[in-house]
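Hi,

Here is the structure I promised to pass on. Have a look first, and then read my notes below.

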Amino acid sequence: MTPIHILVLIGSYFIVLLLISYFTGKNDSNLDFFKAGKQSPWYLVAFGMVGASLSGVTFISVPGWVEASEFSYLQVVFGYFVGYLVTAYVLMPIYYRQNVTSIYEYLDTRFGFVSYKVGALSFFVSRVLGASFRLFLVAIVLQQFVFDAWNIPFELTVTLSILLIWIYTFRGGIKTIVWTDTLQTLFMLVSVLLSIYFILEQLDWSFSQFLASEELKSYNKVFFTDDFFAKNHFIKSFLGGMFITICMTGLDQDMMQKNLTCKTLKDAQKNMISFSVVLVVVTFVFMLLGALLFIYAKKLGIGIPLLDGTPKSDLLFPEIALNSGLGMTVAITFMLGLIAAAYSSADSALTSLTTSFCVDFLGIDKKPEIRQRKIRKSTHVGMSVLLILVVILFKHVLDTNVIDGLLQVAGYTYGPLLGLFAFGIFTKHQVKDNLVWSVALLSVLVIFGIANVPADLLGGYQVGYELLPINGLLTYLGLWLIRTKKSGTTEDAVG
């Protein structure tokens, strides 16, 4: 597939998104931009969230991680499922009861202004980094397989990618995204299934033969329970996955904003549970694809592509799909799947960052109505520029597999949110609000120190995804130390 073919495909794809944007963004109101008028069908949100949760990171990075980690990522995914249950039945009732636009408004009601800003800032940093990870991944693929052929610099590739997202989200916001996510999820799943089908055809295998093959057995170990000190031990991975989901979905404005567009709490909970079941199944399919890619690469002598002279397993899927002779069907569906997976996450991230900044930092609801739309649109531009700068920075500093890097960052940035919400929900205590920022900062610094302690100083223990719950626990303990004698009366404290 030539660069010009890929460019035509991308252009056609975005024309479809622009048509969706045109029909969903006709109203151009803040209510539709932030909440989609609270009229989204739950099943539509659930299906679209699959693509948004998986994103370009899962689409490329999870298959590329199989050789190094086998199927151990499924341990994390099983933890995800439990985290979705907590989100559906503990957190979502609070958000619906308080009818929030930004979920961090809960912290203002529960503790006060500083706690509210600390929570909103934690999300803001988390989502900027998370969205940038995802955009970085699709940008390096486009750069390697399209724009390098025309000597277009990486910086321009990133700028064009985010400009396209801005164009189709600046009017309809979350209302547009609910519908585009549905289309993007469909493209992504079709792409993966067709890739598996055509690779198996090239290997002259049926699907059952693949599952029974000796080659698969060298990749498909799921549960790692022998060495508790290892980073991928089941308990550490499962608990880490559970808390990652609670934070990156339940305490994340991006993911919750979609759920809050459902008509009722019951609809939103049906969406969350059905989505969580499908996500486990789909992730398993991605792991199978990853094993198949490495098997195919070894049989045909395909090497791991290089990025700046370093082998990058994240690029194996695009290398095989586009350059290994599997045919135009695989190439087209791969590119559609990649674009869909990447942008289904990035577009909602841009919208949620705009929402959070407008509501949590600019107090848009307190501004004159005539100015609100202008504020929202200028903020949308500002968030786009910020993402461009961070993605470009990643090219020069990122030296790990993207999915692994994303989960590591979550351990630092979501910990204060976890501690704040847990303390608010499970106790009735108030806190010295002006000290909350210092508790959050100290917790992150301690976690950073723990993460960088050499394993040999810990008796060989490798710190993994358990950093997130530990961070949340440290924040919780810090809030306990600054609690006041006066107890809160909020109905959302259940302890």
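Contact here means heavy atoms within 4.5 Å. By that rule, and leaving aside neighbours within four places in sequence, Ser 237 is in contact with Gln 75, Val 76, Lys 231 and Asn 232. With Gln 75 there is also a polar contact, side chain to side chain, at 3.5 Å (a pair of N or O atoms within 3.5 Å; within protein, one must be able to donate a hydrogen and the other to accept it, and residues adjacent in sequence count only if both atoms are side-chain atoms). Ser 237 sits in helix α11, residues 234–250, and counts as buried because its relative accessibility is 2% (buried is under 20% relative accessible area, exposed over 50%, partly exposed in between; 1.4 Å probe, protein chains only).

A word on the source: this is a predicted model, where local features need pLDDT of at least 70 and side-chain atom pairs pLDDT 80 or more, while totals for chains, interfaces and linings use all residues. Residues are numbered from 1 along each chain as its sequence is written, and side-chain values use heavy atoms, without hydrogens and water.

For the chain as a whole, 59% of the 495 residues are buried. Of the contacts with a separation of 6 or more, 86% join residues 24 or more positions apart.

What about disulfides (cysteine sulfur pairs within 2.5 Å)? A search of the whole structure finds zero. Cys 247 counts as buried because its relative accessibility is 0%, and Cys 358 is buried with a value of 0%.

Best wishes

Note on methods:
Disulfide = S-S within 2.5 Å. Helix = DSSP H or I, 4+ residues; strand = E, 2+ residues; numbered from the N terminus.
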